[in-house]
2 protein chains.
Amino acid sequence: MKIGIVGLGLIGGSLGFDFRALGHYVLGISRRPSTCEVAQAKGAVDQASSDLSLLATADVIFICTPLEAIEATVKQLIPHIRDTTMLTDVGSVKASVVQKISPLWPRFIGGHPMAGKEATGIEVAQANLFAQKPYVLTPTANTSERVTATITALVADLDADVHQCDPAAHDRAVAWISHLPKMASAGLIAACLSEPEPALLALAQTFASSGFRDTSRVGGGNPELGWMMAKYNRQEVLRTLSAYRQAMDEVTTLIEESDWDALEALFVQTQQARAKFL
Amino acid sequence: MKIGIVGLGLIGGSLGFDFRALGHYVLGISRRPSTCEVAQAKGAVDQASSDLSLLATADVIFICTPLEAIEATVKQLIPHIRDTTMLTDVGSVKASVVQKISPLWPRFIGGHPMAGKEATGIEVAQANLFAQKPYVLTPTANTSERVTATITALVADLDADVHQCDPAAHDRAVAWISHLPKMASAGLIAACLSEPEPALLALAQTFASSGFRDTSRVGGGNPELGWMMAKYNRQEVLRTLSAYRQAMDEVTTLIEESDWDALEALFVQTQQARAKFL
């Protein structure tokens with residue numbers, strides 16, 4: 001199969017490695033010629049170009065740009081591709097993307113591979129990034145079964161853990177386990193920076209160990225991803241932030257009231273509940 | 001040197017492995033005879049007993065009980081040990097411990113190895129747990145130089161990254177990078193559990209990937225450690241929770257106001273700041 005990939009960053013580049021290894025012919029697009037060169041030199045793509053006409057003969061195209069650029073990219077792409085070409089994206093929000101792209105291109109299905117890293121860009125793209133990670137597809141009542149079946153099969157070949165749900169359910173679920181953690185983790189770093197004594201902040205930085213490293217990882221990750229999650233999933237993110245405020249207020253109240261039995265019960269509950277998310 | 005360890009859990013057992021490897025003779029104490037047997041069988045101690053009189057000839061004793069039990073343990077220990085024996089503890093809060101133990105035993109210095117795991121108990125104790133991790137000692141004006149020098153040398157032999165500071169500064173610093181992360185991470189799990197639709201909660205659990213795993217790790221860890229941090233470092237923990245509330249309110253306000261430039265600036269700041277904690 002001829003697979004096009006628009007946007008050769010961590011996700012696009014990593015898809016390229018896997019699809020080439022599976023025997024597909026991979027055509028990559030990046031606005032920056034230097035990224036095209038790196039992608040080709042690393043072996044993430046067979047051919048790369050900044051010109052969308054490279055995708056004229058693609059069977060399937062993965063739009064791997066940031067969320068903010070998906071709609072414009074598809075509009076620019078349409079004049080260059082065949083009617084039979086199937087499109088999918090990898091954005092971390094689905095309802096707004098599906099709503100905008102479906103009317104533009106009937107052979108579209110939204111997708112979201114839940115595989116991340118702190119670093120971004122073609123330099124950190126790698127083989128097997130998606131193996132054993134959730135990869136969500138969001139067909140709607142209007143998605144053709146052939147598109148769903150083709151993209152599902154392609155994505156399953158990445159050894160990903162493929163799931164299907166409707167776009168709105170996806171957005172509500174990821175608000176809890178991806179977007180809220182990003183906000184909570186960034187807020188943690190921001191709070192630490194509010195320490196007024198520089199010597200104390202320096203001591204805190206020196207003492208930070210694995211607990212801080214893990215809790216702050218996503219908050220210290222890609223800034224672009226953070227504000228785009230919030231922009232494109234605003235309502236669900238605000239809903240989870242409100243629930244989080246209540247949960248943190250409860251923790252604070254228990255400590256203010258020195259109610260150690262209730263605080264321990266809360267930690268026992270979170271310990272038990274976490275296992276169900278892993 | 002004869003080294004006593006009271007409390008054969010993750011920390012006590014791991015200290016035992018390392019001190020034995022360094023050629024010391026390790027005497028272990030646990031209330032539970034079964035733990036004594038496991039510790040001996042695993043090679044974490046040379047001898048183990050539930051009877052504190054085993055420590056009559058110890059040169060140095062590490063109190064590795066939970067924070068809540070440190071004072072009572074020292075009081076029970078005193079009738080059994082020599083005047084020259086040096087004591088230290090491994091509690092994650094220092095001011096309240098140092099304040100209580102120093103009057104009971106002049107040859108005491110507070111300590112805090114910042115090496116954790118999700119799991120607890122002798123079963124997960126391991127060699128080299130402290131290597132390249134911060135190990136904080138908190139001498140005061142009243143701590144004898146000989147005690148400080150002896151314990152510092154012992155702990156440095158664990159390949160730990162040894163630091164000294166006063167107990168209050170320790171408690172303020174760890175509130176930021178250890179205690180607040182515990183509360184923020186547990187609050188995240190608790191907030192997710194507030195999702196009213198069971199099908200949505202199940203979907204969130206299915207989609208949870210590395211971001212949720214890392215951000216929730218400490219919040220899903222040892223419940224006892226959580227409430228004891230809060231109890232024994234109550235004032236500092238409440239101070240950081242208040243700062244955290246402000247930080248999260250700021251994030252929320254930026255999203256409510258759709259101020260994406262400011263939200264991106266905040267994420268850029270947290271991304272840059274995190275590197276200084278690692």
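Contact here means heavy atoms within 4.5 Å. The model is a predicted one, in which local features need pLDDT of at least 70 and side-chain atom pairs count only at pLDDT 80 or more, while totals for chains, interfaces and linings use all residues. Residues are numbered from 1 along each chain as its sequence is written, chains are lettered from A in the order in which they are written, and side-chain values use heavy atoms, with hydrogens and water left out.

**Exercise 1. Determine which rotation superposes chain A on chain B, and through what surface the copies meet.**

Step one: with copies superposed by least squares on the C-alpha atoms of residues with pLDDT of at least 70 in both, a rotation of 180 degrees, with 0.0 Å of shift along its axis, brings chain A onto chain B at an RMSD of 0.0 Å. The two copies are thus related as by a two-fold rotation axis, and in chain A the C-alpha nearest this axis belongs to A:Thr215, 2.1 Å from it.

Step two: the contact takes 90 residues from chain A and 90 residues from chain B. Because 100% of the interface residues of chain A are also interface residues in chain B, the copies meet through the same surface.

**Exercise 2. Describe the area that the chains bury and the salt bridges across the interface.**

Step one: taking buried area as the accessible area (1.4 Å probe) that two parts lose on being put together, summed over both, chain A and chain B bury about 8200 Å² between them, with 69% of it on carbon and sulfur atoms. In chain A, the residues losing the most area to chain B are A:Phe207, A:Arg274 and A:Phe277, together 10% of what that side buries.

Step two: for a salt bridge (a side-chain nitrogen of Lys or Arg within 4 Å of a carboxyl oxygen of Asp or Glu), the rule finds ten across the interface of chain A and chain B. One pair is A:Arg217 with B:Asp214, whose closest N and O atoms are 2.6 Å apart; this pair runs from the loop between α8 (210-216) and α9 (223-232) of chain A to helix α8 (residues 210-216) of chain B, helices being DSSP runs (H or I, at least four residues) numbered from the N terminus. In another pair, B:Arg172 and A:Glu197, the closest N and O atoms are 3.7 Å apart.

Notes:
Helices (H or I, at least four residues) and strands (E, at least two) are DSSP runs, numbered from the N terminus.
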